[in-house]
Amino acid sequence: MSCTTAHFKAPFYRQPSSDPVASQRTSIVAMSNSNQEQDHLESIFKQKRILRSKIRQALKSMDPSLRSQEDNVIQTLVLEAPWFKSSKRLCAYISCSALREVDTLKLLSQVLQNPSADGSMLQTATKVYVPRVEDKNCNMRMFYISRIDDLVANSMSILEPAPVDADGNEREDVMHANDAVDLVIMPGLAFDRSGRRLGRGGGYYDAFVKNYKELAKERNWKQPLFVALSYSVQIIDEVIPVTSNDALVDALVSPCGVVPISPSALESLDSLQILRGLSFPQYMNGIRLVLSKQWDTIVVCHFSEATGACPLVNSHDLCLQEVEL
Ligand SMILES: Nc1nc2c(c(=O)[nH]1)N(C=O)[C@@H](CNc1ccc(C(=O)N[C@@H](CCC(=O)O)C(=O)O)cc1)CN2
Ligand SMILES: Nc1ncnc2c1ncn2[C@@H]1O[C@H](COP(=O)(O)OP(=O)(O)OP(=O)(O)O)[C@@H](O)[C@H]1O
């Protein structure tokens, strides 16, 4: 399933000039620019297709017991994270085992069972919204669910909420909710260490992220934290080819840990405080802050191999500068 590239054609259209010769010249230049841009986009889509099959293959070859271990580690990391526990409203995908996606069912059943994500009886319950694909034109809605057992499998075998729940009530669409979502847990096929994300080619999440960010801006809401869940084999060393439509993630959760990428993730995940709080000498030398090319600010911490911690971030692809703590 894929959308056409027509979405990209509009920005390359130029207003015709009143001088017919200039207008012809302009339109030839515009056409050749447009053709170049189109070729460039085609090349990106081709690279994406190649990368998708490579990662699908890697996921297929993954040992099922390793997958299950990684699922547990990732979900535990999320469940124990302060940014997850403090979340009042979140969007999350319903994982599909046929697509070999990081499991979210443990996470979601925990949230839906508990009165709040941090288990506190005093707080109001965390509201959960999950995706429903509306058509093949990148339209996906996020509907409120209170239970996991009244979802139905769509044509892609992904469980989805019907627009009306089991009691006959219309479900709330997150785009019409009165309050802001603080967290969006995203799926993806591959990620690089600067937060670029390769989806399954539907463009659904890219469109949703763009629309939700616009809505939050209009309403003066704090932007949600966009966090993707990833098996180790899905984090790649190469740069993921992206277009201007591709939304970056703020942070990644993999079995190696929670990796803040954007400045807002660094702030929300309290990473600097965590780093400053570390007082073990063997860690102190190993920890570095790096400047990310993507965000042009200090965003990623990594650990030296000497510490035994996962060297999730390679200095060669991310660092503009390293700062010893
Ligand atoms: N669990 C889950 N729900 C989700 C998404 C997702 O990635 N995961 N989506 C995120 O956008 C949307 C659905 N988009 C999807 C796009 C493609 C395929 C899929 O089955 N792709 C096949 C290849 C099909 C083909 O090439 O024709 C595959 O990836 O193997 C599934 C969902 C909304 N809901
Ligand atoms: N914000 C958007 N509005 C309209 N079309 C979009 C938007 N974002 C992406 N698309 C279109 O969706 C198609 C697929 O995009 P892309 O390959 O980047 O999807 P993806 O990121 O892999 O999928 P997903 O976001 O669903 O995980 C492209 O044709 C692209 O033009």
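Ala, Val, Leu, Ile, Met, Phe, Trp, Tyr, Cys and Pro count here as nonpolar, Asp, Glu, Lys and Arg as charged, and the others, Gly among them, as polar. On that basis the shell around ligand 2 divides into 6 nonpolar, 7 polar and 7 charged residues. The model is a predicted one.

The shell of ligand 2 holds 20 residues, and the closest are Lys48, Arg197, Tyr204, Asp206 and Asp246. Helix 5 contributes the most to this shell, with 5 residues.

Taken alone, ligand 2 exposes 640 Å², of which the protein buries 91%. Two elements, helix 1 (20-60) and helix 5 (204-218), each give two or more residues to the shell around ligand 2.

Asp246 sits in the loop that runs between strand 10 (235-236) and strand 11 (251-254). Asp246 has a relative accessible area of 13%, and it therefore counts as buried, the cut-off being under 20%. The side chain of Asp246 makes a polar contact of 2.8 Å with the side chain of Lys48. A polar atom of the Asp246 side chain also lies 2.8 Å from the backbone nitrogen of Thr243. Apart from neighbours within four places in sequence, Asp246 is in contact with Lys48 and Asp206. Lys48, Asp206 and Asp246 are among the residues closest to ligand 2.

Technical notes
Residues are numbered from 1 along each chain as its sequence is written. Chains are lettered from A and ligands numbered from 1 in the order in which they are written. This is a predicted model: local features need pLDDT of at least 70, side-chain atom pairs count only at pLDDT 80 or more; totals for chains, interfaces and linings use all residues. Side-chain values use heavy atoms; hydrogens and water are left out. Helices (H or I, at least four residues) and strands (E, at least two) are DSSP runs, numbered from the N terminus. Buried means under 20% relative accessible area, exposed over 50%, partly exposed in between (1.4 Å probe, protein chains only). A polar contact is a pair of N or O atoms within 3.5 Å; within protein, one must be able to donate a hydrogen and the other to accept it, and residues adjacent in sequence count only if both atoms are side-chain atoms. Contact means heavy atoms within 4.5 Å. A residue is near a molecule or strand if one of its heavy atoms lies within 4 Å of it. Accessible areas come from the Shrake-Rupley method with a 1.4 Å probe; for residues, only the protein chains shown count as cover.
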